[in-house]
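Subject: Structure handover

Hello,

Here is the structure you were expecting. My notes on it follow below.

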Amino acid sequence: MRLRWLALLALAPLSGCGLIYKVDAQQGNLFDKATVESLKPGMSKRQVLLVMGSPSVISPFDQDRWDYVSTIRRGRNKMATKDLTLYFENDQLAKIDGDYFPEDPDQLIRDARKYKREYPDEKRSDEDRKKKRRGGDQGQG
């Protein structure tokens, strides 16, 4: 009995060290597909700034290149990094290069369920909406 208490006492401080649970961490500029696809060649820097927000990096040596950098770490998984680079010529968008984190509604819903959260219905699949309606109808009465 004393050994159990001693083991429990030894493990208790470790429970707050992140050994049990690790929060998802997103940093930087995270864009959905629609935002990135709304960029069109010929847009001015100001228009791009209004759509995308401030870039993560503007090189002092190359004012015609804007870099948007984002990272995400889900739980204890490896950190994923994405870069989106915009090139300008004569203060107009000329080229878009790189990748980004497209918003995947199915992944968002899976993540939300993991934490017992609910997303608005427009992000739910048709099947999920039907399940919710059936569950809501059965609970009332």
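From the N terminus on, the elements of the protein run α-β-α-α-β-β-β-β-α-α, which comes to five helices and five strands. Helices (H or I, at least four residues) and strands (E, at least two) are DSSP runs, numbered from the N terminus.

This is a predicted model, in which local features need pLDDT of at least 70 and side-chain atom pairs count only at pLDDT 80 or more, while totals for chains, interfaces and linings use all residues. Residues are numbered from 1 along each chain as its sequence is written, and side-chain values use heavy atoms, with hydrogens and water left out.

Overall figures. The protein has 141 residues, of which 21% count as buried (under 20% relative accessible area; exposed is over 50%, partly exposed in between; 1.4 Å probe, protein chains only).

The core. Twelve residues make up the largest nonpolar core: Phe31, Val36, Leu39, Met43, Val48, Met52, Trp66, Tyr68, Leu84, Leu86, Phe88 and Leu93. Such a core is a set of buried Ala, Val, Leu, Ile, Met, Phe, Trp, Tyr and Cys residues joined through side-chain atoms within 4.5 Å. Two or more residues each come from α3 (45-52), β3 (65-73) and β4; β4 gives the most, with three. Leucine 93 touches residues including Leu39, Met43, Val48, Leu86 and Phe88, not counting residues up to four places away in sequence (contact means heavy atoms within 4.5 Å).

The hairpin. Strands β4 (residues 80-89) and β5 (residues 92-98) run antiparallel and are joined by six bridges; two strands pair if DSSP finds at least two bridges between them. Two residues lie between β4 and β5 in this hairpin, and asparagine 90 in the turn has a positive phi of about 55°. Leucine 84 stands opposite glycine 98 in β5.

Lysine 45. This residue is found in helix α3, and lysine 45 counts as buried because its relative accessibility is 17%. Its side chain reaches the backbone oxygen of glutamine 63 at 2.9 Å. A polar contact of 3.4 Å joins the side chains of lysine 45 and aspartate 64 (a pair of N or O atoms within 3.5 Å; within protein, one must be able to donate a hydrogen and the other to accept it, and residues adjacent in sequence count only if both atoms are side-chain atoms).

Regards
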